[in-house]
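Work through these exercises with the sequence and the model side by side. Try each task before reading its solution.

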Amino acid sequence: MNKIVTLKLFKKAFFSTFRTDKKINDQLHKLNLVYVENSSKKNSELNDFKKKINTGYFWISGKKQINKWDNGWSYNLTNLKNKKKIFPAIIPYYYKKKSKLVICGKIIEPITELFEFKIFGIYRDFIFRNYLSEFKNIYELGCGPLHNLVILKKKFKKKNVYGFDWSITSVKISKLLKKYFKLILDVKTVNFFEENTFEKIKENSAAISIGGLEQLGKNFRPIVNHLINSDIKLVINIESFIELYNKDNLLEKLFLKYDKKKNYLNGYIDYLKNLEKEKRIKILKINKVKFGTLGHYSYSTIIWKPIK
């Protein structure tokens, strides 16, 4: 039986600490996000997921995966060249796969095309308009094929928008966007594992990552140190955080195990909490989001700022 994402479900999934607003309800109504929940298949799907974790039949994140992301973003680069249309050309391929999703602990099958991209888009828009509107310069850490940067630039036309990524393909996409659409996005390649590869952050700036730190595992200190020592005023990280998983919940316990085996971001929130104790930063918000793929909750959020 088909179901529609209601405001009640959206709030339960995305807003553990945020307060909603009227615009979200309007956006949900417009998108009409449809899915199927088949509870009878949940046990078999969980067993398949357990087997996947135990066999280790998946690639491991880290420095050696640069070619994987070059290839992934090349798919978007080719689409942009051929179609000369920004969307859906630069939407990452992982949003287009027919993957099982999880919302509030329930495994669902999306019916609406680009379901994950669209439902996260509502949350992303909430973050953009509530936390980034006051800054002149906005940086995305791990900008990929620039889909978030384009949306950010269209929302805040007068702001300077910058992107950092470890793939040269991101830079190539930015050049095409300038050539075909007169869209100016300043994108640079950086080595996220080394602090000295980042350029100087401009004044009156904020930084955001949306899954951009996932590949760092435990090697996130260089980028955090760079941000603390820069002129950045606010940092927003939308990522999968293992510290937020409930170990007494079977599904989240599996997510925790999977993230560790995949070498995804590990220990980031605990590190920031220690920095707060040292009075080097102030944590403004931690928001657990219970939505993602059958692998992890991808969009939990921590918002913090350096203390000067």
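Buried means under 20% relative accessible area, exposed means over 50%, and partly exposed lies in between (1.4 Å probe, protein chains only). This is a predicted model, where local features need pLDDT of at least 70 and side-chain atom pairs count only at pLDDT 80 or more, while totals for chains, interfaces and linings use all residues. Residues are numbered from 1 along each chain as its sequence is written, and side-chain values use heavy atoms, with hydrogens and water left out.

**Exercise 1. Find His296 and decide: is His296 buried or exposed?**

Step 1. His296 lies in strand 12. Helices (H or I, at least four residues) and strands (E, at least two) are DSSP runs, numbered from the N terminus.

Step 2. Apply the cut-off. His296 has 7% relative accessibility, so His296 counts as buried.

Step 3. List the neighbours. Contact means heavy atoms within 4.5 Å. Leaving aside neighbours within four places in sequence, His296 is in contact with Glu214, Ser240, Tyr245, Phe255, Asp259 and Tyr264.

**Exercise 2. Work out the strand order of the open sheet of six strands.**

Step 1. Strands of a sheet pair through backbone hydrogen bonds, either parallel or antiparallel. Here two strands pair if DSSP finds at least two bridges between them.

Step 2. The order is 1-2-4-3-11-12, and the pairing is antiparallel.

Step 3. Strand 1 (2-4) and strand 12 (296-297) are the edge strands, and each pairs on one side only.

Step 4. Check the joins. Strand 1 and strand 2 run antiparallel and are joined by three bridges. Ile4 has Val34 of strand 2 as its bridge partner. Strand 2 (residues 34-37) is also joined to strand 4 (residues 106-110) by three bridges, again antiparallel. There, Tyr35 is partnered by Pro110 of strand 4.

**Exercise 3. Characterise the packing of helix 3 against helix 10.**

Step 1. Get the geometry. Helix 3 (residues 42-55) and helix 10 (residues 250-261) pack at about 25°, with axes 10 Å apart. Axes are lines fitted to C-alpha atoms, for helices over the stretch in contact, and angles run from 0 to 180 degrees between N-to-C directions.

Step 2. Classify the angle. Under 35 degrees counts as roughly parallel, over 145 as roughly antiparallel, 65 to 115 as roughly perpendicular and the rest as oblique. Helix 3 and helix 10 are therefore roughly parallel to each other.

Step 3. Name the contact residues. Helix 3 contributes Leu46, Phe49, Lys50, Lys52, Ile53 and Asn54, and helix 10 contributes Leu250, Leu251, Leu254, Phe255, Lys257, Tyr258 and Lys261.

Step 4. Zoom in on Ile53. Ile53 lies in helix 3. With 0% relative accessibility, Ile53 counts as buried. Not counting residues up to four places away in sequence, Ile53 touches Phe58, Leu254, Lys257, Tyr258 and Lys261. Ile53 and Asp259 are 206 residues apart in sequence but 9.5 Å apart in space, C-alpha to C-alpha.
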